[in-house]
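Student: I have a structure to read and some terms to sort out. Can we go through them one by one?

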Amino acid sequence: MTPSPRLGSPPLRWLLSSITAAALATALAAAPGAATADAAAARACTGPAGDAFYVPPAPLPRGSHGTIIWCRPSASPVTGVRAWQVLYLSATVTGAPTAVSGTVLVPGAAYPGTRPVVAYAAGTQGWGDQCAPSKEMAAGNFDEQFAVSNLLSQGWAVAVTDYPGLGTPGDEAYSVGIPEGHAVLDVLRAATAVPGAGLRATAPMAIEGYSQGGGAADWAAQEQPSYATGLRLKGVAAGGTPANLQAVAANINGTVWFAFLAGSALGFNAVYPSLNLNGELTPAGRAALAQLDTMCQAQALLTYAGKKIQDYTIGGVNPIGQAKWQRVLNANDLGTMKPAVPLLQYHGLVDEVIPWRVETALHRQYCAMGVTTQLKGYPGDHVLTQVLAQTDVVNWLGARFAGSQAPSNC
């Protein structure tokens, strides 16, 4: 989830947060040099044209997690940085193979030593396939480009997953932590296999994620010891994290953020079809969620402002309160598995979407497990905090790559 800050109307809020993010990002991001063509890499990395790129072959090819199905050079959102779109193998919540799309970005300037690779886990872009970060970056309208550019300005390569079902066929596994964590780890593997990118599988790696991406980043941290043991993961910076989905759902249900609760219902229904979400909805509800499934977040926020999920269900019942929903929500709550790497947890003290108490509860859980984790609070709401935290996040990641001891405030 990465909604806009609330200063009066949603449109005004969206505009003000965008202006703030752009201004601070300009101050943080370095100006790269001119781009150069890489004809050899273009020949080696080819895939279908247009949206056919996002439609995986059937059956899927065999391969390990992170294996590239196909790739292609892409328009880069940053001058002096080469970009590739990738379609790669990952795993569903049951471990079955699935195809996920994403983007790999590599600065053109030489790097002293082995270039680190950072996975950036994006916040909510929306639910229509046109909202996939790989499509938005190629078009130059990715609203979290400021954070990606700050990583690139350090000379690090960046890999951005679209998440399962966003861009590729089917509904996005929105807010379902287990497959999102798989996709984040596997885009790191895929990045090191892009022909012509010059990245090594032995490269030091890290993850940054915020909001929806914070949940995906922490899930990746939890899954890495068993799912991706070969990755040289050095640390994970995750903020605005929806760690406890029921607590977040209870908060959202009383605010204007219906789109995110409904989007999460769509995501869980896609991953766990036995939930039978359609069976809980009125005809108007089915039409509303079908429409939501075609929208990016700004349009969805405006369309469904002030709505509640009970407005669209049979008998006005919130289905998330049912035992079958509780089970899958609980299975995707963070804090039940121990990450093996240091964490930076950061959160807005006045976050109106995901309460501060959700992050502090997760911090206590990780501390009890013996995780090296630092929690930092910022005087911002949900959107502004990701901007305010950028300098600290980049510096913290740089310290992990430099081998410095990670701080903890457990």
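Tutor: Start with strand β3, residues 97-107: 10 of its 11 residues are buried, so the rest of the structure largely encloses it. Keep in mind that this is a predicted model.

Student: What makes a residue of β3 "buried"?

Tutor: The cut-off is under 20% relative accessible area. In β3, 10 of the 11 residues count as buried.

Student: How do you know that β2 and β3 pair?

Tutor: Two strands pair if at least two bridges are found between them. Strand β2 (residues 81-91) and β3 are joined by 11 bridges, so they pair, and they run antiparallel. Across the two strands, W84 stands opposite V104. A hairpin is formed by β2 and β3, with 5 residues between them. In the turn, G95 has a positive phi of about 95 degrees.

Student: What makes β3 and β5 a pair?

Tutor: Again, at least two bridges are needed. Between β3 and strand β5 (residues 157-161) there are 4, in the antiparallel sense. G102 has T161 in β5 as its bridge partner.

Student: Which angle do α5 and α6 make where they pack?

Tutor: Helix α5 (residues 177-191) packs on helix α6 (residues 212-227) at about 75 degrees, and their axes are 7 Å apart.

Student: Why is α5 called roughly perpendicular to α6?

Tutor: That term covers 65 to 115 degrees. The angle is about 75 degrees, so α5 is roughly perpendicular to α6. By class, their contact has 7 nonpolar, 5 polar and 4 charged residues. Among them are H182 and L185 in α5, and W219 and Y227 in α6.

Student: How do you know that the length of α12 agrees with what a helix should span?

Tutor: Helix α12 has 14 residues, 356-369. At 1.5 Å a residue, α12 should span 20 Å. Its end C-alpha atoms are 21 Å apart, which agrees. The buried residues of α12 are V358, E359, T360, L362, H363 and Y366. After α12 comes G370, whose phi is positive, near 90 degrees.

Student: Why is L151 called buried?

Tutor: L151 sits in helix α4 (residues 145-152). Its relative accessibility is 0%, and buried means under 20%. So L151 counts as buried.

Student: Which residues is L151 in contact with, leaving aside its neighbours within four places in sequence?

Tutor: They are V118, Y120, W156, V158, E208, V394 and L397. Take Y120: L151 and Y120 are 31 residues apart in sequence, yet 9.0 Å apart in space, C-alpha to C-alpha.

How values were computed
Residues numbered from 1 in each chain as written. Predicted model: local features only at pLDDT ≥ 70, side-chain atom pairs only at ≥ 80, totals over all residues. Heavy atoms only, no water. Expected span 1.5 Å × (residues − 1). Buried < 20%, exposed > 50% of the residue type's maximum accessible area, 1.4 Å probe, protein only. Axes fitted to C-alpha atoms, helices over the stretch in contact; angles between N-to-C directions. Parallel < 35°, antiparallel > 145°, perpendicular 65-115°, else oblique. Contact = heavy atoms within 4.5 Å. Nonpolar A, V, L, I, M, F, W, Y, C, P; charged D, E, K, R; others polar.
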